[in-house]
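The model is shown below.

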Amino acid sequence: MKDKEGIENPTEWYNGFWTDKKNGFSLWFIGGWLIGITSLIFIGLGITITKILFPELVLSKYFFISSGIISYLIC
């Protein structure tokens, strides 16, 4: 690996890239999944509650966008 990328210790590079506690890729990866799952939960609950209380109401795109923004802010 040293010849291609100038890295002497691949284990240090791996630990710095993947498992870094501040800016590691694993935090970005898990954060994305957490935002996605939270957003899907909000959308599912919103659709269910809306269809029970107001069956004739059609949800607009702003509902889905706001669900994504709220889940991002929570996470």
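## Aromatic pairing

In this predicted model, the structure holds one aromatic pair. Its members are F63 and F64, whose ring centres lie 5.4 Å apart with 70° between the planes. The arrangement counts as edge-to-face because the angle between the planes is over 60 degrees.

F64 has a relative accessibility of 36% and is therefore partly exposed, since that class lies between the limits of 20% for buried and 50% for exposed.

S71 is located in helix 4, which spans residues 61-74. With 0% relative accessibility, S71 is classed as buried. A polar atom of the S71 side chain lies 2.9 Å from the backbone oxygen of G68.

Apart from neighbours within four places in sequence, the residues in contact with S71 are I35, T38, S39 and F42.

## Packing of helix 3 and helix 4

Two packed helices are described by the distance between their axes and the angle between them. The axes of helix 3 (residues 25-53) and helix 4 come within 8 Å and cross at roughly 135°. The crossing of helix 3 and helix 4 is right-handed.

On the helix 3 side, the contact is made by I35, T38, S39, F42, I43, G46 and I47. Helix 4 contributes F63, F64, S67, G68, I70, S71, Y72 and I74.

Methods: Residues are numbered from 1 along each chain as its sequence is written. This is a predicted model: local features need pLDDT of at least 70, side-chain atom pairs count only at pLDDT 80 or more; totals for chains, interfaces and linings use all residues. Side-chain values use heavy atoms; hydrogens and water are left out. Rings of Phe, Tyr and Trp (its six-membered ring) pair if their centres lie within 6.5 Å; planes under 30 degrees apart count as stacked, over 60 as edge-to-face and the rest as tilted. Buried means under 20% relative accessible area, exposed over 50%, partly exposed in between (1.4 Å probe, protein chains only). Helices (H or I, at least four residues) and strands (E, at least two) are DSSP runs, numbered from the N terminus. A polar contact is a pair of N or O atoms within 3.5 Å; within protein, one must be able to donate a hydrogen and the other to accept it, and residues adjacent in sequence count only if both atoms are side-chain atoms. Contact means heavy atoms within 4.5 Å. Axes are lines fitted to C-alpha atoms, for helices over the stretch in contact, and angles run from 0 to 180 degrees between N-to-C directions. A crossing is left-handed if the near helix is turned anticlockwise from the far one by less than a right angle, and right-handed if clockwise.
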